[in-house]
Amino acid sequence: MDEGNFGSAFDCKMSSKESYDLHIIGIGNNTYANQNGSQYKAWDQLYPSTILPNGRMKERTFHENYGFDVQKVGTNYRIMDLIIEEHANRLYQNIERGNLQLAKFLGKDGEDEQLFITPNIPVGCFDVFTLDRKPVSLELQVEKGYSTEVLYNYDCRNG
């Protein structure tokens with residue numbers, strides 16, 4: 001895999017696929033090394049609609065101590081891929097890479113639906129999209145039984 005080095009006081013190495021995901025999807029989990037050589041993981045989120053005076057996109061980094069845990073977040077969703085441990089591990093790894101990941105949700109009525117998910121670090125949940133990339137509101141997710149009432153009550157949109 002091709003690795004890029006974004007030189008600074010903190011070096012980040014990522015594959016070209018991870019770089020693509022970060023640029024297209026806007027979020028990725030990367031490994032950094034500080035000046036002492038200690039490594040740590042952090043989520044990077046790009047804001048393509050906000051261009052800084054230097055011409056770069058606004059970026060926000062969430063250190064692993066921020067507390068976003070994909071497995072903990074996953075417990076708030078009725079995703080069929082999470083039933084089998086091997087499938088769950090693969091799904092979580094892809095989400096941690098920042099991928100827009102296809103997942104099969106099980107509704108209250110017993111029907112399943114394939115939807116895309118990607119991490120939403122600041123809010124502490126997954127963003128859910130239809131196959132044609134249209135957002136599925138949290139209200140609709142709860143109504144269909146795709147996410148729990150706990151997640152709906154935890155909704156951080158107000159703060």
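These legends describe close-up views of charged side chains in a predicted model.

**View 1. D44, a buried acidic residue without a salt bridge.**
D44 sits in strand β4, which spans residues 39-51. The nearest side chain of opposite charge is R60, 10 Å away. A salt bridge needs a nitrogen within 4 Å of a carboxyl oxygen. Polar partners are present instead. The side chain of D44 contacts that of Y32 at 2.3 Å. A second polar contact, of 3.0 Å, links the D44 and T61 side chains.

Side chains of opposite charge can pair when their charged atoms come close. R90 is partly exposed, at 43% relative accessibility. E86 is exposed, at 54%.

**View 2. A salt bridge between E113 and K144.**
The closest N and O atoms are 3.4 Å apart. E113 lies in strand β7 (residues 112-120) and K144 in helix α4 (residues 138-144), so the pair ties together parts 31 residues apart in sequence. E113 is partly exposed, with a relative accessible area of 25%. K144 is also partly exposed, at 34%.

**View 3. A salt bridge between D132 and K134.**
The side chains meet at 3.3 Å, N to O. D132 has a relative accessible area of 48%, so this residue counts as partly exposed. The model has 3 salt bridges by this rule.

Terms used: Residues numbered from 1 in each chain as written. Predicted model: local features only at pLDDT ≥ 70, side-chain atom pairs only at ≥ 80, totals over all residues. Heavy atoms only, no water. Helix = DSSP H or I, 4+ residues; strand = E, 2+ residues; numbered from the N terminus. Buried < 20%, exposed > 50% of the residue type's maximum accessible area, 1.4 Å probe, protein only. Lys, Arg positive; Asp, Glu negative; His and termini not counted. Polar contact = N/O pair within 3.5 Å; in protein donor to acceptor, adjacent residues only side chain to side chain.
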